[in-house]
Amino acid sequence: MKFLDCNCFVGTPVHRDIWSPVDAKALVGQMDQAGIAKALVWHIAQLELHPSVGNDLLLRDIEPFKDRLIPRLAIPCPHTDEMGDMDEWFARALSTGVGAMQICQPRGSYLVRPEVVGGIARKLLQHQIPLIYSIERGGNWNELYDLLKAFPELRIIISDLGVWPADRMFRPLLDLYPNVMVEISQYFVPGGVESNVMRYGAGRLLYGSGFPACYHGALMLLTAHAKISEADKAAIAGGNLQRLIEQVRP
Amino acid sequence: MICDSALSREFVQQGRSASCPVIDVHVHLGPVYAGWMPKWSIDGLIDTMDQAGVEVSVLCPHSALFSPDIGNDETIEAARRHPGRIRGYLGINPAHPRNIEKDLSNFGRNRDLLAGLKMLASYHRVLMDDDAYRPAWEFADAHRLPVLCHTWGSDGSEQSLRNVATRHPNARIIMAHALHGLWDDAIDMAKRFENVHLDLCAVLDDRGPVEKFVKAGLVKRLLFGTDNPWFHPHQGIGALLSADLTDEDRQDILHRNARRLFGATIP
Ligand SMILES: [Zn+2]
């Protein structure tokens, strides 16, 4: 089974934590050990310092590993002087081989409301770029519901759900919007994968590890032995992410 | 895949291991706080256990902890239905001392179904050394029973458990979630008190604590727990396979330590 990881990061965080941080080289070493073919990767400085600085650090770090690591770029605010011309910013981002984007939401960030991110949403739709929306890293369900109401076609990957089962939160979105997907690094409730696959098909779940804060093997073992077909397992393990990345339009 | 070890190969290929029959020391059943989980019934639990090679679960249904009107009925019923797979912790709710008295007086009658006591002090808005728990601690001390105690960060469980561990040296304290976040304090507790074990429930979703515990020399004091039906055992087992441990460490954590602690009270 081919695993693609849609949720891992590089870089040293501001605070020391129980997990040890990695750079791109160490990440690839750990991926080799676990058996992960490719990963969509972001940089902790996108969140803790600034999207643009984090993007630069990310692109520099992963440059030697372009065959394995796909950039997940953070989008700067479109209403200040940080982004510059939006078309040009997106053109530059697409030239890096970006696989998905994210809006980081620490204290100083902008609101992810339709009034604020309308322009960004239209560009994401134009280029079919998935937007990763992290619940645990500053996201908020009401905000996400409002965003999708305004832009129902957006390709949203809801990520870092929090470990306590969030089915009541994300399932209404899966029911309403066919392009909404869920990253499963924090979704390991017994029967959860099976129950979602039965209801929505396997196209809505994506393997993610949360590495280096979490272990690669946790959701690998769960995915490999979910009571679903081998084809469905392969889709969740990596097929869905592969398809999303290939569908990004230049 | 995951790691280069015999145990990893076995779990990856079969989802379970004949040489490593898992004992899950921290399990619940049913709903709580109006939440929903797909496999919260006893049949769902047995199915999940089979999937991951969990031989025995020691459980305390949410109803025993959150609904005094139901109390420990489900605990007894689950163990009675699956005597070869399930043992119960008697849920102790400090707000209802008469229930505690009644449950403890019936303990002997259900001795073959019960493996210990379960305390959820911070949820019940008391500390572990609260007077309301005294009869339960005295009972555990007298019968050398395992007591699964919820501990999480600075919820006050550390100091109160130090008091309890000193006062009741024969009670076998299992620190559920290993003081989640306060990893150094958990190590200190386990080193200071021989009757303290650390349960890795909700610990294995962080990368690092288990290696830290093992490096501190505590591999024989670690127990595998999942909060099933909240968390699938494959998540925790997969994490242990990824962690920087030996298969011997994993065997200790996944079943040998629990077997030694619970002895003949589990199947
Ligand atoms: Zn629990």
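A residue is called buried when its relative accessible area is under 20%, exposed when it is over 50%, and partly exposed in between, with a 1.4 Å probe and protein chains only. The structure is a predicted model, in which local features need pLDDT of at least 70 and side-chain atom pairs count only at pLDDT 80 or more, while totals for chains, interfaces and linings use all residues. Residues are numbered from 1 along each chain as its sequence is written, chains are lettered from A and ligands numbered from 1 in the order in which they are written, and side-chain values use heavy atoms, leaving out hydrogens and water.

Rings of Phe, Tyr and Trp (its six-membered ring) pair if their centres lie within 6.5 Å; planes under 30 degrees apart are stacked, over 60 edge-to-face, and the rest tilted. Over all chains, 13 aromatic pairs were counted. One of them is the edge-to-face pair of A:Trp164 and B:Trp230, with 5.2 Å centre to centre and 90° between the planes. This pair crosses between chains: A:Trp164 lies in the loop between strand 6 (156–159) and helix 7 (167–176) of chain A, and B:Trp230 in the loop between strand 8 (222–223) and helix 10 (233–242) of chain B. Helices (H or I, at least four residues) and strands (E, at least two) are DSSP runs, numbered from the N terminus. A:Trp164 is partly exposed at 39% relative accessible area, whereas B:Trp230 is buried at 16%.

In chain B, the rings of B:Trp183 and B:Phe213 are edge-to-face because their planes stand at 70°, with centres 6.0 Å apart. B:Trp183 belongs to helix 8 (residues 183–192) and B:Phe213 to helix 9 (residues 209–215), 30 residues apart. B:Trp183 is buried at 8% relative accessible area, and B:Phe213 is buried at 0%.
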